[in-house]
Amino acid sequence: MVFSKRIFAVCKAPGMLHWLRNGAVLVIVALTAVVVPAVTIAPDLLFKFYRILLPNRAVIPSDWRKARGGEAVLPKKVLVMIALLRENDVREFRYSAAVVHDPDSSVEQRLAEGAYPIRLSNVARHWLLSVNEPLGAGCVALDSREGIVLARCP
Amino acid sequence: LPVAPSFAWVYLTLPYFAGLGLVLPLCVAAQHGTPLARHEKAQMAALAGAAGLLVNHTFGMLFSDPGFVIVAGAVIAIAGLVWLATRGQWSLWKMFGMGWVRWVLAGCLLLIFSGPILFEPLQVWDARSIWFFQAKEIYYTGGLNIAKDWTNPGYAFAHAYYPKLLPLLAAQLAHVWGLWNEYIPKASLLILLAPIVLGLFGIVRNITLSAVFLLGAFLLGSREELWNGHADAYLALYSGLSLLFLARWLDKDSQLDLVTGVIFLGVALNLKNEGTLVTACALTGLLVFGFLADRALRSFPLLKLSPCTLLGLLLPLVGYGAWSLTRLYWELPNDVSLGADSLHRVLERIGNGGPGIVGQALLVQGGAGVAAGLFLLAAMLAGVLKTPLPKATWFPAVVATLYLLGLFLVYMATPQDLRWHLLTSVSRTVLVAIAGFFASCFLVLEAIESPTGSAGAQKFETSGTPK
């Protein structure tokens with residue numbers, strides 16, 4: 001009892017109370033740093049910034065100020081399809097279910113947004129097809145690459 | 001230094017937004033009775049930036065041509081800044097001179113985030129398919145007035161009915177550069193971040209442990225969501241800061257806090273659909289706390305509207321209203337499809353263990369439970385240390401809880417597969433609630449650190465800053 005009373009008396013001393021308050025705040029800050037987890041994000045963020053300051057600035061992509069820069073993040077199949085559309089000056093297109101079928105990546109959406117402003121249209125004359133698919137009646141293959149065919153239909 | 005030009009162009013756009021939103025700080029400053037403390041000047045800068053974003057968004061909604069919006073905005077911004085600079089000696093300094101320490105820290109924080117924001121291309125799903133695809137549409141069609149691509153069923157994945165503050169901003173930046181790529185439009189995130197950083201320095205009065213907590217929890221808590229192109233972290237930070245300013249208004253009854261809180265909430269409202277839910281929860285919270293706290297009841301905005309508050313309330317609503325009418329006119333569908341069918345889905349899921357699945361996802365996988373736990377632990381420590389906590393300390397946490405309840409209902413009513421919907425979104429949608437709990441936690445920590453109030457800090461802050 002005497003011992004616990006002494007502890008309480010020490011805790012109530014003005015100086016000690018100040019330390020207790022700061023200690024309580026420190027506990028919450030430390031717990032938050034673990035939970036967030038700031039301890040891993042902050043160094044990662046600083047490292048990302050530090051790499052930009054390196055003399056060769058290798059981390060700054062060479063195409064960051066160029067039109068269409070950064071498109072390389074798209075799946076390779078999508079890049080091939082977009083190249084076919086652009087090189088043949090297509091303005092509107094549609095695609096077969098087979099050509100966008102790819103369980104490992106989201107080809108359909110990536111093609112739609114990546115190709116824009118070449119528009120998707122249900123009545124477009126240009127089709128993207130898989131090389132194994134038969135062309136429709138009156139359709140002509142304009143170009144093909146890596147198993148993908150660009151066809152123009154009547 | 002060799003990399004400076006790569007960053008500088010973004011920083012040069014910041015005075016444009018500050019100039020556009022200048023009218024609100026001027027209005028508040030005219031009614032502010034005492035000299036502004038340095039943290040209040042930081043708050044003024046944050047207010048100008050956030051109001052500038054809203055003015056820019058409103059212009060973008062009302063006028064179709066991005067080029068016209070940029071030129072008209074620049075004329076207004078330059079005229080405003082020049083007028084303020086020539087109004088009297090040091091008038092710009094009196095408004096925004098928050099001290100070199102705060103300016104340097106804010107600049108460094110923005111610079112650190114510049115790396116991943118500017119030099120990592122758009123890669124994640126929602127960023128590519130929604131926000132920046134919409135920006136791409138705006139850029140290539142020359143504005144928001146052409147409905148052709150917005151109603152194209154092939155682009156249904158882009159959720160065309162989502163608010164347009166971020167897409168408009170990204171499209172404007174691409175318009176200024178005259179090209180579209182996967183980097184330049186991302187600078188819009190840096191412009192959105194600037195008022196957040198300034199707002200944080202408007203909240204903290206001194207460099208203390210609680211300030212470290214707030215900066216760390218807010219800026220690092222969202223992890224890569226701050227630079228990968230998602231809008232959720234920005235929604236969370238604008239909401240969290242708004243709740244902090246509104247809590248301080250409930251406690252101290254400062255016009256500056258009220259207007260800043262309203263404007264930050266307005267940005268959240270126009271940033272994502274969840275902003276509507278945040279706004280509804282914040283208004284409900286204000287009603288509850290308005291009746292709990294005597295001071296707030298006396299100056300409740302519905303009872304006593306000052307011109308500044310009225311302007312602050314009106315500004316976000318113009319852009320929001322314009323977009324709401326546009327999407328009605330274009331008949332854009334909403335994939336959450338809340339309506340009569342929702343009740344049926346909710347009742348069905350109650351019988352299938354839905355509440356447990358959603359609750360666990362929100363609190364455990366999303367992390368809201370941990371943030372709420374930290375706040376409650378801090379409140380308990382405050383109780384043990386006999387620290388008096390103002391009622392307003394609880395305001396952000398109450399709003400966060402209401403928001404969680406709202407999210408719970410939205411997920412229970414979703415027409416999508418529940419598990420898929422939770423798996424793909426809960427870690428982001430819950431960020432608003434986490435920011436709310438962290439905001440309350442900061443207020444508790446601040447009270448523990450300085451139980452007798454911040455009179456000392458105020459005295460230190462106001463010295464040498466005559467109005």
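Author: Begin with the order of elements. The model is predicted, and chain A runs α-α-α-α-β-α-β-β-β-β along its sequence. That pattern comprises five helices and five strands.

Reader: What percentage of the 154 residues in chain A is buried?

Author: Buried residues account for 36% of them. The accessible surface of chain A is about 9000 Å², with 61% belonging to carbon and sulfur atoms.

Reader: How is the size of an interface given?

Author: It is often given as the accessible area lost when the parts come together. Here, about 4800 Å² is buried between chain A and chain B, and carbon and sulfur atoms give 71% of that area. On the chain A side, A:R21, A:W64 and A:Y116 supply 16% of the area buried against chain B, more than any other three residues.

Reader: How many residues of each chain are in contact?

Author: The contact involves 50 residues of chain A and 59 residues of chain B.

Reader: Which polar interactions cross the interface of chain A and chain B?

Author: Counting pairs with both residues at pLDDT 80 or more, 19 residue pairs are in polar contact. Two salt bridges are counted between the chains. One of them joins A:R119 to B:D149, with the closest N and O atoms 2.8 Å apart.

Reader: Which helix of chain A gives the largest share of the side that touches chain B?

Author: Helix 2 does, with eleven residues. Helix 2 (14–35), helix 3 (38–53), helix 5 (107–115) and strand 2 (119–120) each supply at least two residues. By class, this side of chain A has 30 nonpolar, eight polar and twelve charged residues.

Conventions. Residues numbered from 1 in each chain as written. Chains lettered and ligands numbered in written order. Predicted model: local features only at pLDDT ≥ 70, side-chain atom pairs only at ≥ 80, totals over all residues. Heavy atoms only, no water. Helix = DSSP H or I, 4+ residues; strand = E, 2+ residues; numbered from the N terminus. Buried < 20%, exposed > 50% of the residue type's maximum accessible area, 1.4 Å probe, protein only. Areas by Shrake-Rupley, 256 points an atom, 1.4 Å probe, with all protein chains shown as cover. Contact = heavy atoms within 4.5 Å. Buried area = accessible area lost by both parts, 1.4 Å probe. Salt bridge = Lys/Arg side-chain N within 4 Å of Asp/Glu carboxyl O. Polar contact = N/O pair within 3.5 Å; in protein donor to acceptor, adjacent residues only side chain to side chain. Nonpolar A, V, L, I, M, F, W, Y, C, P; charged D, E, K, R; others polar.
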